[in-house]
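This tour is intended for a reader who has the structure open in a viewer.

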Amino acid sequence: MKAGGSKLSKSILNNLEKNAQILVKSRKDLAKYSKDEVMIKGQIELEAEGFTKPLLYKSISELKRISVPLITRYTEIALKDNQNEEVTEEIQLLQHQILILEKAIQIKQKQNRQLSHNMERNFIDHPFISSSSPNEETLQKQRKKDGSLEVNKTGFRNMHYNNSNGKLLLPTDARNMLGIFKLWEQKGKSQSFEFTFNELLKCVQVEAIGGEYNNLFDSLSNLGQTSIVMEEFFDAEAKKRMRTKIHNPFQDMEIDRTTNTVSVMLSNNLHKNLLIGNVVPISISLFNDLASPTSRALYLILVNKAKDGDLMLDVEQLLPHLGLHSSEKSKAYSHMQRAFEELQSFDVIQSFDIVRKERRVPVQVRFIPSDWLLQADSMDNQLQFNTPTLLG
């Protein structure tokens with residue numbers, strides 16, 4: 001069965017159809033030797049799981065979107081009275097395509113609750129990551145003559161930000177930071193280490209296709225060209241907050257595009273805090289599954305706040321912290337609310353309540369973390385130190 005959609009979706013559908021044919025044949029072969037339907041069903045489901053690997057790079061929403069026309073077509077022909085051999089064969093193929101998709105969604109749902117990566121907390125405490133960037137015209141006005149961008153960013157804790165490339169860091173850059181921190185763990189926790197583009201993409205569960213290498217180069221370049229002053233940097237060793245001096249979180253970063261290899265040196269402050277464990281664990285699978293950049297940025301904030309039991313957020317601090325750039329406040333409020341709604345739909349939070357001034361202007365947001373998020377602290381020792389094997 002062929003369905004409309006993007007080239008990517010068509011590629012997935014072709015893959016599903018090919019593997020469904022294999023499953024149909026396997027079922028027929030098993031039926032020749034056994035009448036035990038429970039055993040046959042178990043074997044087919046196990047084999048179907050083996051075909052999910054390429055689907056695990058896709059979001060749950062994309063997998064569900066692909067399944068809709070398949071389920072619709074299956075229901076449509078299964079209800080027909082004139083069942084001939086051709087129709088029966090199509091029904092069997094559709095059943096097994098849907099089965100592969102269901103297995104992939106189940107695995108993704110499980111992965112979304114695996115605390116797989118660590119984020120150093122100062123980068124969430126301060127507005128290091130923006131959920132959106134102003135348009136190019138606005139950025140041009142903010143850039144200095146040398147093309148660099150230097151701004152004071154406000155939020156829960158304020159910071160001075162400078163990027164030599166004239167860019168703001170976005171959730172994609174946060175994802176790559178999470179990958180670098182993960183590789184730091186895997187490669188021995190030295191202040192200086194090397195990794196390849198492919199290692200990093202695999203670590204953050206992104207398929208190395210299309211222009212991903214170019215996107216990764218741009219992101220790493222932006223991370224390497226960022227220097228900051230955090231007004232309330234938490235020194236985990238001294239157990240106190242202080243104002244940092246100007247420093248690059250990534251003290252040195254060399255990118256070789258010939259071999260697609262990166263050499264990185266972490267700043268002293270960052271390396272020290274990572275070693276001591278001033279981090280919060282997050283699920284990279286869930287981070288990737290969130291559709292909205294605002295939801296991704298908010299996810300990091302809520303995980304961090306939940307760790308401290310701080311479940312009431314001030315909206316006037318939250319909006320600039322997220323970097324919601326909008327000339328109309330109502331649009332920023334709308335983005336914020338939709339992000340909370342998406343995180344609720346992914347069971348990151350049980351509920352949220354927007355407290356409004358005179359029933360109109362949002363002033364605070366109360367949220368209740370989900371049970372599994374509340375258990376995150378006790379699960380720190382269970383952190384998954386390897387990318388899920390199904391993505392290996």
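Begin by selecting histidine 117, which is found in strand E1 (residues 117-120). Helices (H or I, at least four residues) and strands (E, at least two) are DSSP runs, numbered from the N terminus. The model is a predicted one, in which local features need pLDDT of at least 70 and side-chain atom pairs count only at pLDDT 80 or more, while totals for chains, interfaces and linings use all residues. Residues are numbered from 1 along each chain as its sequence is written, and side-chain values use heavy atoms, with hydrogens and water left out.

**First stop: strand E1**

Is histidine 117 buried or exposed? With a relative accessible area of 1%, histidine 117 is buried; buried means under 20% relative accessible area, exposed over 50%, and partly exposed in between (1.4 Å probe, protein chains only). Now display the side chain of serine 116: a polar contact of 2.8 Å joins it to the side chain of histidine 117. A polar contact is a pair of N or O atoms within 3.5 Å; within protein, one must be able to donate a hydrogen and the other to accept it, and residues adjacent in sequence count only if both atoms are side-chain atoms.

Next, show the whole of E1. His117 and Met119 point one way, Asn118 and Glu120 point the other way, and all are buried. In a regular strand the side chains alternate between the two faces of the sheet. Select strand E10 (residues 279-282) as well: E1 and E10 run antiparallel and are joined by 4 bridges. Two strands pair if DSSP finds at least two bridges between them. Isoleucine 282 is the bridge partner of histidine 117 in E10.

**Second stop: the sheet E2-E3-E5**

Move to the open sheet of 3 strands in the order E2-E3-E5, with antiparallel pairing. Its edge strands are E2 (149-153) and E5, each of which pairs on one side only. On average, neighbouring strands of this sheet are turned by 15° against each other, direction ignored. Axes are lines fitted to C-alpha atoms, for helices over the stretch in contact, and angles run from 0 to 180 degrees between N-to-C directions.

Select strand E3 (residues 159-163) together with E5; the two pair in the antiparallel sense over 5 bridges. Opposite isoleucine 228 in E5 stands tyrosine 161, and opposite methionine 230 in E5 stands methionine 159. In strand E5 (residues 226-230), 5 of the 5 residues are buried, so the strand is largely enclosed by the rest of the structure. Thr226, Ile228 and Met230 point one way from E5, and Ser227 and Val229 the other way.

Select lysine 189, in the loop between helix H7 (171-186) and strand E4 (192-196). Its phi is near 65°, a positive value in a residue other than glycine. Lysine 189 counts as partly exposed, at 40% relative accessibility. Then select asparagine 260, in the loop between strand E8 (250-256) and strand E9 (261-266). Phi of asparagine 260 is near 55°, also a positive value in a residue other than glycine. Asparagine 260 is buried, with a relative accessible area of 15%.

Display the open sheet of 3 strands in the order E11-E13-E12, where the pairing is antiparallel. Strand E11 (312-314) and E12 are the edge strands. E12 and E13 pair over 8 bridges, and glutamine 364 in E13 is the bridge partner of valine 355. H13 packs on the sheet, touching E11 and E13, and H14 packs on the sheet, touching E11, E12 and E13. Contact means heavy atoms within 4.5 Å.

Now show helix H13 (residues 315-322) and helix H14 (residues 329-345), whose axes come within 11 Å and cross at roughly 85°. H13 and H14 are therefore roughly perpendicular to each other, a term for angles of 65 to 115 degrees. Residues making the contact include Leu318 and Leu319 of H13 and Tyr333 and Phe340 of H14.

**Last stop: glutamate 358**

Finish at glutamate 358, in the loop between strand E12 (349-357) and strand E13 (361-369). Glutamate 358 is exposed, with a relative accessible area of 69%.

Note on methods
Angles under 35 degrees count as roughly parallel, over 145 as roughly antiparallel, 65 to 115 as roughly perpendicular and the rest as oblique.
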